[in-house]
Amino acid sequence: MQGGLGRRITAASAMLAGVIGGVFAALAFAVAEERETSRLALHSQQALATANQLERLLVDIETGERGYLLTGQDKYLEPWRAARAEVPVVGQQLERSSITPEQHRRADRIVRSVESYITDHSEPVVAQARAGGPSARSPATFDNGKRRIDGARAQFTEFATAERQLSAARATESARTFRWLVGGGIAGATGSVLLIGVFAGYLMRFIVAPVRQAAEMSGRLAAGDLGVRMPAQGIGEIGVLSRSFNAMGRSLQQHRAELIASRARVVAATDRARYRIERDLHDGVQQRLVALTLDVRVIEADLPAGAEPVRRDLRAIATGLNEALDELREVSRGIHPAILTEAGLPAALRALARRSGLAVELDAHVPGRLADPVEIAVYYLVAEALTNVAKHADATVVRVEIEADPRELRLVIRDDGVGGATPARGSGLIGLTDRVEALGGTLRLTSPPGAGTELAVILPITDDPPGSRQS
């Protein structure tokens, strides 16, 4: 079958309806055939009963006639008269109950034979006997009557035998037809069940299963697994759904890749800008403040004796310049730590631990230098985490564990504080999550109330592109 699901389902439904309709039609025909057979059987019984009744009337006529001829008593003529009066009515009933042409002809011959016996023999004989004619009681008369009665009875026997044979033939044919119809009905019902099973299996395999798979894939897609795909060889609209789903997945995957690349470029540009600002402060403003401090010291040293007020003023200026220089160095360290560029990640983290107001246990296993984005991300992750712990966790100790292999870096930060940390409580964790995801990593926060906080980060390690190392 070609076409969409609607055409396929319509064709399958029409086939199933045809089979079921055929089964019901066969059963209805079987019922009608059985009813017709019953009707014909009833007619046969009526015909046989009517023939027996007519035969008994003939016997009553013959018996009454014979009794009167032998005894001369009028009492024997009473059943004779009654039977003779009923013969026309019963004869008509026999002719009406014979529904086949052959049986109708036999019934007509029987009726004529009975009527002939009455009009041509019995009535004249009784009339002669009542008149006292001696021929009415002669042996010839009795022989003639017996011959007529035997002939009529033979016709009755022939009629009954033919009717029974006809009824048996009808019953045999009806039984054969009924068996065929019942067998066909059973075969049709079995075929219907099989077709229903095949149709249900077809629906399950080619419609329900793909739709269920599409629902499962949609859930995975909604959960962030943009690489999930459906088999594209579905039929009809299911195939269109599969191809559309895959196209949507590829589009989302491409857009996410573009978004991640864009975020990575933004993060990289921000880090480069921070590094340039730090270098400008270090090479420009810091050097200028150092030079001014030295100039003030030189002027102070060249002052003559007795210029103590001026010397105090110069000493205060130098102290202020030193304090401004320290503050500037602290600011430039927050913008971009020079020690990270110069000494690497473990040294920069040790410096962070020393400056922290908490007890920090650092366990770093980093073989060599890593790419700048990775080192910068880890540095700011630890810095932000230490700041958050100091502000909110009410912790006594923080443990920082770092382990790097050729493929990925794993960072775990734990504290023994009050827990209950959520990204919704501040923008720091959100910013860290953005930085981690921009590098293709994952960040998991576990912070049950009263059981401390654990921040677990996995970052992929990429080759450091040429010229990316800041110096």
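Predicted model: local features only at pLDDT ≥ 70, side-chain atom pairs only at ≥ 80, totals over all residues.
Student: In which order do the five strands of the open sheet lie?

Tutor: Reading across the sheet, the order is β1-β2-β3-β5-β4, and the pairing is mixed. The edges are formed by β1 (359-365) and β4 (442-446), each of which pairs on one side only. From one strand to the next the twist averages 10°, where angles run from 0 to 180 degrees between N-to-C directions and axes are lines fitted to C-alpha atoms, for helices over the stretch in contact.

Student: How many bridges join β4 to β5, and which residue is the bridge partner of L445?

Tutor: Five bridges join β4 to β5 (residues 453-460), and the two strands run antiparallel. Within this pair L445 has L455 of β5 as its bridge partner, and L443 stands opposite V457. The hairpin of β4 and β5 has six residues between its strands, and in this hairpin G450 takes a positive phi near 80°. Strand β5 also pairs with β3, in the antiparallel sense over eight bridges, and there E408 stands opposite P460 of β5.

Student: Which helix packs on the sheet, and which strands does that helix touch?

Tutor: Contact here means heavy atoms within 4.5 Å. By that test helix α9 (residues 372-393) packs on the sheet and touches β1, β2 (397-404), β3 (408-415), β4 and β5, with its direction making about 10° with that of β3. After α9 comes D394, whose phi is positive, near 55°.

Student: At what angle do α8 and α9 cross, and within what distance do their axes come?

Tutor: Helix α8 (residues 345-355) and α9 cross at roughly 15°, their axes coming within 10 Å. The two helices are therefore roughly parallel to each other, a term for angles under 35 degrees, whereas those over 145 count as roughly antiparallel, 65 to 115 as roughly perpendicular and the rest as oblique. The contact is made by L345, A348, L349, L352 and R355 of α8 together with E375, V378, Y379, V382, A383 and L386 of α9. By class, these residues are nine nonpolar, no polar and two charged, where Ala, Val, Leu, Ile, Met, Phe, Trp, Tyr, Cys and Pro count as nonpolar, Asp, Glu, Lys and Arg as charged, and the others, Gly among them, as polar.

Student: How are α2 and α3 oriented to each other, roughly parallel or roughly antiparallel?

Tutor: Helix α2 (residues 77-97) packs against α3 at an angle of about 160°, with the axes 10 Å apart, and the two are therefore roughly antiparallel. Among the contributors to this contact are W80 and L94 of α2 and I110 and V114 of α3. Here the classes are 10 nonpolar, three polar and six charged.

Student: At what angle do α3 and α4 pack?

Tutor: Helix α3 (residues 101-131) and helix α4 (residues 139-222) pack at about 165°, again with axes 10 Å apart, which means that α3 is roughly antiparallel to α4. Residues of α3 including I110, V114 and Y117 take part in the meeting with α4, whose residues there include I149, F156 and F159. This contact has 10 nonpolar, eight polar and six charged residues.

Conventions
Residues numbered from 1 in each chain as written. Heavy atoms only, no water. Pairing = 2+ DSSP bridges. Helix = DSSP H or I, 4+ residues; strand = E, 2+ residues; numbered from the N terminus.
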